[in-house]
Amino acid sequence: MSISKLNKIVITKSAAETQRFGRKLARQLKPGDLVCLSGGLGAGKTCLVQGIARGLQVKDYVNSPTFKIINEYAGKIPVYHFDLYRLEGLTDLRELGYEEYFYGQGLSLVEWAEKIIPFLPKQYLRIELRRVDEHTRKIILTDWRRKK
Amino acid sequence: MQNLHLITSLLQTNKDFMNILAIETSCDEASASVVQNGRKILSNVISSQIHIHAKYGGVVPELASRHHLENINFVVAEALAKARLRINDIDTLAVTQGPGLVGSLLAGIMAAKTLSLIYRLPLLPINHIEGHIYANFLEHRIKPPFLALVISGGHTELVIQRDHTHYKILGRTRDDAVGEAYDKVAKLLDLGYPGGPVIDKLAKKGDPQYIKFPRPYLTGSYDFSFSGLKTSVVNYVSKHPASSVQHLADVVASFQQAVIEVLVNKTIQTALKLKMKKIVLAGGVAANSALRGLFTDKIRKTGITLYYPSPVLCTDNAAMIGCAAYYRLKNKKLEYNQKMLTFKAAPNLQL
Ligand SMILES: Nc1ncnc2c1ncn2[C@@H]1O[C@H](COP(=O)(O)OP(=O)(O)OP(=O)(O)O)[C@@H](O)[C@H]1O
Ligand SMILES: Nc1ncnc2c1ncn2[C@@H]1O[C@H](COP(=O)(O)OP(=O)(O)OP(=O)(O)O)[C@@H](O)[C@H]1O
Ligand SMILES: [Mg+2]
Ligand SMILES: [Mg+2]
């Protein structure tokens with residue numbers, strides 16, 4: 001994956017604009033990529049994922065996976081949408097079969113991934129959403145590599 | 001010898017009731033219940049794990065299922081004991097197949113399959129959401145068709161139930177479920193988990209008109225959306241941090257008012273439009289007292305009848321699963337066969 005050229009900061013002024021950015025970003029994401037989204041309640045993580053999924057021709061509604069922890073979609077490539085909000089600490093994630101997703105043939109998009117940092121692959125795209133005001137979000141993309 | 005035969009067959013003909021032992025472990029709770037003839041709850045044991053999860057502010061799936069595995073045998077034994085029955089008195093087993101958390105579902109399914117195999121009891125997999133709707137059949141005499149509003153932690157759906165097997169989902173949430181919005185707002189305000197019951201109680205002391213939060217109607221669609229409302233609460237609180245218990249009560253009352261107005265108005269309008277004479281509420285949020293109150297108010301003079309379950313039957317419980325299984329079977333006696341054990345957990349099962 002060549003996500004290092006994605007390092008950047010984007011400011012959006014509406015949910016629609018964030019989704020539009022997601023659609024554009026989708027073109028650069030490939031099977032096997034992992035995207036970790038962080039940012040507080042209502043920052044727009046799900047909103048951005050909706051845009052990315054749309055960009056990958058997912059037809060289904062992409063709604064919040066908070067309760068189910070994972071939702072799977074069939075788009076141009078398989079899309080796995082996680083939300084680890086209800087997970088706390090370094091719980092054993094094996095039960096979810098997360099390895100099959102993270103190291104599989106689809107794109108994994110993970111909200112609240114900061115809860116499982118030790119379990120994350122060595123490289124992923126980190127997206128931080130910051131709420132600036134009611135309608136404005138600062139979206140910070142970083143290519144993240146863990147030194148082993 | 002002949003007499004003995006006569007007696008047993010007499011006993012069998014006398015036994016014109018059906019006992020279903022149901023197991024439900026889709027999420028937080030492990031529950032087991034014995035339901036007789038689809039309506040009589042002989043027992044409904046719910047091993048609430050809330051005390052464990054409360055400190056995490058949410059469900060920990062791995063913890064939940066490990067706990068289920070330890071709990072489930074105890075819960076089943078307790079359900080039989082409370083019903084004053086032995087496993088031999090059970091005619092059919094039922095278990096939640098999905099939707100839910102995979103680990104949690106597996107624990108219940110494993111227990112049910114084991115019982116089925118050992119005691120040669122027929123086993124029926126049941127949809128959890130169907131179960132929530134059937135909670136109503138435990139207490140009311142209802143006949144489909146009706147319009148169901150399913151409002152729970154993971155679902156917000158308007159469903160038409162035509163008969164005991166046909167469902168049509170008219171609309172669903174495009175982002176957050178209602179129960180999820182309750183839980184997130186509660187977490188934001190440090191009120192604890194689960195958020196629904198806490199907000200329900202605190203809102204009684206607050207002014208529901210204090211803040212005019214947006215009402216997400218999505219006019220022209222049967223869908224719902226609650227993430228914008230959630231975010232409005234985030235926005236409000238970031239500008240006006242809760243300054244007193246009264247202020248907190250006003251905030252949650254205003255949030256709740258926005259939620260229930262949308263749910264009530266949208267559901268009643270849909271029922272009128274589709275000429276449905278009955279509305280059925282289902283799922284954990286159906287326990288909400290303000291929602292029930294507003295529904296009861298607004299339904300007057302519409303000619304529509306409103307049904308909802310008792311609060312304990314709104315949230316996850318096994319009796320609703322047993323009830324759904326009963327109506328699936330009706331009076332058919334099901335015979336055990338090994339094919340019944342081939343179904344798998346279905347975390348994304350749809351109605
Ligand atoms: N009195 C109440 N008022 C509002 N919400 C409530 C009330 N009681 C429970 N809830 C909410 O109901 C939800 C739990 O309901 P339920 O057990 O049906 O959901 P679930 O089983 O976790 O999800 P699903 O059924 O979608 O899989 C929680 O979000 C909780 O906050
Ligand atoms: N510029 C913006 N970008 C994204 N969302 C915005 C923007 N401005 C306002 N919003 C609103 O913020 C909300 C974002 O909600 P969303 O559910 O996507 O957040 P989230 O980060 O996934 O929250 P959660 O922690 O609950 O999962 C939406 O209601 C959206 O309309
Ligand atoms: Mg989200
Ligand atoms: Mg439920």
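## Ligand 1: a site shared by two chains

Ligand 1 is surrounded by residues from both chain A and chain B, so its site is shared between the chains. Keep in mind as you look around that this is a predicted model. The shell of ligand 1 counts 23 residues, and those that come nearest are Ser152(B), His155(B), Asp183(B), Gly196(B) and Asp316(B). Sorted by class, the shell holds seven nonpolar, 13 polar and three charged residues. There is a domain side to this site as well: domain 1 (10-134 + 315-341) and domain 2 (144-308) of chain B both contribute residues to the shell, so ligand 1 lies between them.

## Contacts and setting of ligand 1

Let's turn to the polar contacts. The side chain of Asp183(B) places an N or O atom 2.7 Å from an oxygen atom of ligand 1. A polar backbone atom of Gly284(B) is 3.0 Å from an oxygen atom of the ligand, while a nitrogen atom of ligand 1 has a polar side-chain atom of Asn288(B) at 3.0 Å. On its own, ligand 1 has 640 Å² of accessible area, and the protein covers 92% of this.

Ligand 1 sits in the second largest pocket. Helix 5 (128-139), helix 6 (178-188) and helix 7 (195-203) of chain B are the elements that give two or more residues to its shell. Helix 7 of chain B provides the largest share, with four residues.

## Ligand 2: the other shared site

Ligand 2 also has residues of chains A and B around it, so this site too is shared between chains. Its shell has 23 residues, with Thr18(A), Lys45(A), Thr46(A), Lys184(B) and Lys230(B) the closest. By class, five of the shell residues are nonpolar, eleven are polar and seven are charged.

Here, too, some polar contacts are worth a look. On the chain A side, an N or O atom in the side chain of Thr12(A) is 3.1 Å from a nitrogen atom of ligand 2, and one in the side chain of Arg137(A) is 3.1 Å from an oxygen atom of the ligand. From chain B, Thr231(B) has a polar side-chain atom 3.5 Å from an oxygen atom of ligand 2. The protein covers 91% of the 650 Å² of accessible area that ligand 2 has on its own.

Ligand 2 sits in the largest pocket. At least two shell residues each come from helix 1 (15-26) and helix 2 (45-55) of chain A and from helix 8 (227-239) of chain B. Of these, helix 8 of chain B gives the most, with four residues.

## Backbone features to check

Most residues other than glycine have a negative phi, and most peptide bonds are trans. In chain B, the peptide bond from Pro144(B) to Pro145(B) is cis, with omega near 10°. Pro145(B) belongs to the loop between helix 5 and strand 6 (146-151) of chain B. The bond from Tyr193(B) to Pro194(B) is cis as well, with omega near -5°, and Pro194(B) is in the loop between helix 6 and helix 7 of chain B.

In chain A, Trp112(A) has a phi near 60°, a positive value in a residue other than glycine. Trp112(A) is located in the loop between strand 5 (107-111) and strand 6 (123-131) of chain A.

Technical notes
Residues numbered from 1 in each chain as written. Chains lettered and ligands numbered in written order. Predicted model: local features only at pLDDT ≥ 70, side-chain atom pairs only at ≥ 80, totals over all residues. Heavy atoms only, no water. Near = heavy atom within 4 Å. Polar contact = N/O pair within 3.5 Å; in protein donor to acceptor, adjacent residues only side chain to side chain. Areas by Shrake-Rupley, 256 points an atom, 1.4 Å probe, with all protein chains shown as cover. 1 Å grid on protein atoms, 1.4 Å probe; cavity = no way out; pocket = protein on both sides within 12 Å on 5 of 7 lines; lining within 4 Å. Sits in = over half its atoms within 2 Å of the grid points. Nonpolar A, V, L, I, M, F, W, Y, C, P; charged D, E, K, R; others polar. Domains from an automatic or database assignment.
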